[in-house]
Amino acid sequence: MSEVHELQWFEAADLPGAVAILSRLAQTGSPAKVMAGGTDLIGAMKDRLQDHRQKAVVYIKDVPNLNRIAFEGGRLHIGAAATVSDIEESPLIRQRFPLLSMAAAHVSSPQIRNMGTIGGNVNQRPRCWYYRSEDFNCYKKGGDFCFAVTGENQYHAVLGGELCYIVHPSDTAPALVALDASARIVGPSGEKTVAFEQYFTSPRVDVLRENILGPSDILAEIVIPEARSNARGVYLKIRERQVWDFATVAVAVQVAATNGVVDDARIVLGGVAPWPYRVPRAEEAIKGQRLTEDVARRAGDAAFVGARPMTHNAYKVDMGKELVARALLAAV
Ligand SMILES: Cc1cc2nc3c(=O)[nH]c(=O)nc-3n(C[C@H](O)[C@H](O)[C@H](O)COP(=O)(O)OP(=O)(O)OC[C@H]3O[C@@H](n4cnc5c(N)ncnc54)[C@H](O)[C@@H]3O)c2cc1C
Ligand code: SF4
């Protein structure tokens, strides 16, 4: 017979209120989870993942103005509760930050984009099948083994893996890093703003989580500086199924070029590492260069220097090199 659990449901009127509830419950030893669209969280709770067995959720999706999208003071502000569809369809984002709307359009299905929020998208938990199964108590669940190393690792990391070889599942996260976006975080000790490049963390820092948020912290807003007038962005994603699927390999590029010569570039890989993986070596390979096919291919090769594929995922290295080259050529 399946177990029945009582779930406490809190609806926060504002973010300080939500933080207060989270802090209070954490002190009672019965921590709660933030819930926005619930498209990831509910699945994790049903799968009874180690840190999702809590009996309380704090619902923030209806907090007033938390879904606001506005361009102010030379920056784009996106409330964490804006849905992925809001971002995909915003004329402002399409026109001024097309890289982000492209990445949003690659998230899952229309139904999930309508329910799911940008805050939930960047904070969603990994999809490793050992992690999602109750039967495997791996490092990420407080255990002492990674089952992917000797097991089915065809969708796992080829870069940056240590202890744990998940790939970061978010499509919008690589685009946000490429756009030099920052996160405004509200927590028990007040507010802080952190660049997304420092927001995501490696398993070596803490194998139990994927970002810097503490248990009572909430991502309030995403802030993106205006792009240079000669910059163009492209998001490309390879997935096995075309209806909806997570990235096997993805790349977000934001390139500023004058007459075909690259002034500046940010290149960030998705689907190949435990965090959105910026590749400065590939960026340096194109800066000051006319972006020919040869130069783009050199950048693709540079992006995967140091890759350590496992038994079943070496194909990601070849795919990734090709995808980086194609994205750069499309951008310039
Ligand atoms: C079938 C399926 C396919 C999917 N495919 C893709 C895909 O192709 N690409 C992709 O990128 N994603 C995909 N997703 C993942 C994800 O569900 C969605 O991307 C969605 O955007 C998550 O948003 P949400 O608001 O529903 O998050 P929720 O489920 O509400 O939350 C997700 C996590 O983030 C935390 N959280 C939410 N909001 C905040 C906040 N403001 N501050 C701090 N923590 C927060 C929650 O506590 C939870 O741990 C898929 C999900 C499913 C079920
Ligand atoms: S890759 Fe990470 S989540 Fe997957 S089995 Fe290994 S430790 Fe667990």
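The exercises that follow use a predicted model, and each one comes with a worked solution.

**Exercise 1. Find which residues come nearest to ligand 1, and which elements supply its shell.**

Solution. 
- Step 1: Start with the neighbours. There are 32 residues around ligand 1, and Val34, Thr39, Leu41, Thr117 and Asn121 come nearest.
- Step 2: Now turn to the secondary structure. At least two residues of the shell come from each of strand 2 (33–35), helix 7 (118–123) and strand 8 (218–225).
- Step 3: Pick out the main contributor. Helix 7 gives the most, with four residues in the shell around ligand 1.
- Step 4: Sort the shell by class. The shell around ligand 1 holds 15 nonpolar, 13 polar and four charged residues.

**Exercise 2. Find polar backbone atoms that lie close to oxygen atoms of ligand 1, and say how much of the ligand the protein buries.**

Solution. 
- Step 1: Recall the cut-off, since a polar contact needs a pair of N or O atoms within 3.5 Å.
- Step 2: Look at Ala36, where a polar backbone atom is 2.8 Å from an oxygen atom of ligand 1.
- Step 3: Move on to Asp40. A polar backbone atom of Asp40 also has an oxygen atom of ligand 1 at 2.8 Å.
- Step 4: Finish with the surface. Ligand 1 taken alone exposes 970 Å², and 93% of that is buried by the protein.

**Exercise 3. Describe the second largest pocket: its volume, its lining and the classes of its residues.**

Solution. 
- Step 1: The space in the second largest pocket is about 420 Å³.
- Step 2: Its lining has 18 residues, and those nearest the centre of the pocket are Arg127, Tyr155, Asp245, Phe246 and Ala247.
- Step 3: By class, this lining splits into nine nonpolar, four polar and five charged residues.

**Exercise 4. How many cavities of 30 Å³ or more does a search of the whole structure find, and what lines them?**

Solution. 
- Step 1: The search of the whole structure gives two cavities of 30 Å³ or more.
- Step 2: Take the largest cavity, which holds about 80 Å³ of space. It is lined by 14 residues, with Cys128, Cys138, Cys146, Cys164 and Ile166 closest to its centre.
- Step 3: Sort that lining, and you get twelve nonpolar, one polar and one charged residues.
- Step 4: The second largest cavity has a volume of about 30 Å³. Among the residues lining this cavity are Lys140, Ile166, Asp206, Arg209 and Glu210.
- Step 5: The lining of the second largest cavity comprises four nonpolar, two polar and four charged residues.

**Exercise 5. Locate Asn65 and Asn259 in their loops, and decide for each whether to call it buried or exposed.**

Solution. 
- Step 1: Begin with the general rule: most residues other than glycine have a negative phi.
- Step 2: Asn65 has a positive phi, near 70 degrees. You will find Asn65 in the loop between strand 3 (56–59) and strand 4 (69–72).
- Step 3: For Asn259, phi is also positive, near 50 degrees. Asn259 sits in the loop between strand 10 (249–258) and strand 11 (261–270).
- Step 4: Use the cut-off: exposed means over 50% relative accessible area. Asn65 counts as exposed because its relative accessibility is 60%. Asn259 has 67% relative accessibility, so Asn259 counts as exposed too.

Definitions and conventions:
Residues are numbered from 1 along each chain as its sequence is written. Chains are lettered from A and ligands numbered from 1 in the order in which they are written. This is a predicted model: local features need pLDDT of at least 70, side-chain atom pairs count only at pLDDT 80 or more; totals for chains, interfaces and linings use all residues. Side-chain values use heavy atoms; hydrogens and water are left out. A residue is near a molecule or strand if one of its heavy atoms lies within 4 Å of it. A polar contact is a pair of N or O atoms within 3.5 Å; within protein, one must be able to donate a hydrogen and the other to accept it, and residues adjacent in sequence count only if both atoms are side-chain atoms. Accessible areas come from the Shrake-Rupley method with a 1.4 Å probe; for residues, only the protein chains shown count as cover. Ala, Val, Leu, Ile, Met, Phe, Trp, Tyr, Cys and Pro count as nonpolar, Asp, Glu, Lys and Arg as charged, and the others, Gly among them, as polar. On a 1 Å grid over the protein atoms alone, a cavity is a set of points where a 1.4 Å probe fits but cannot get out, and a pocket is an open set with protein on both sides within 12 Å along at least five of seven lines; lining residues have an atom within 4 Å of a point. Grid points are joined across faces, edges and corners, and a volume is the space filled by probe spheres set on the points. Buried means under 20% relative accessible area, exposed over 50%, partly exposed in between (1.4 Å probe, protein chains only).
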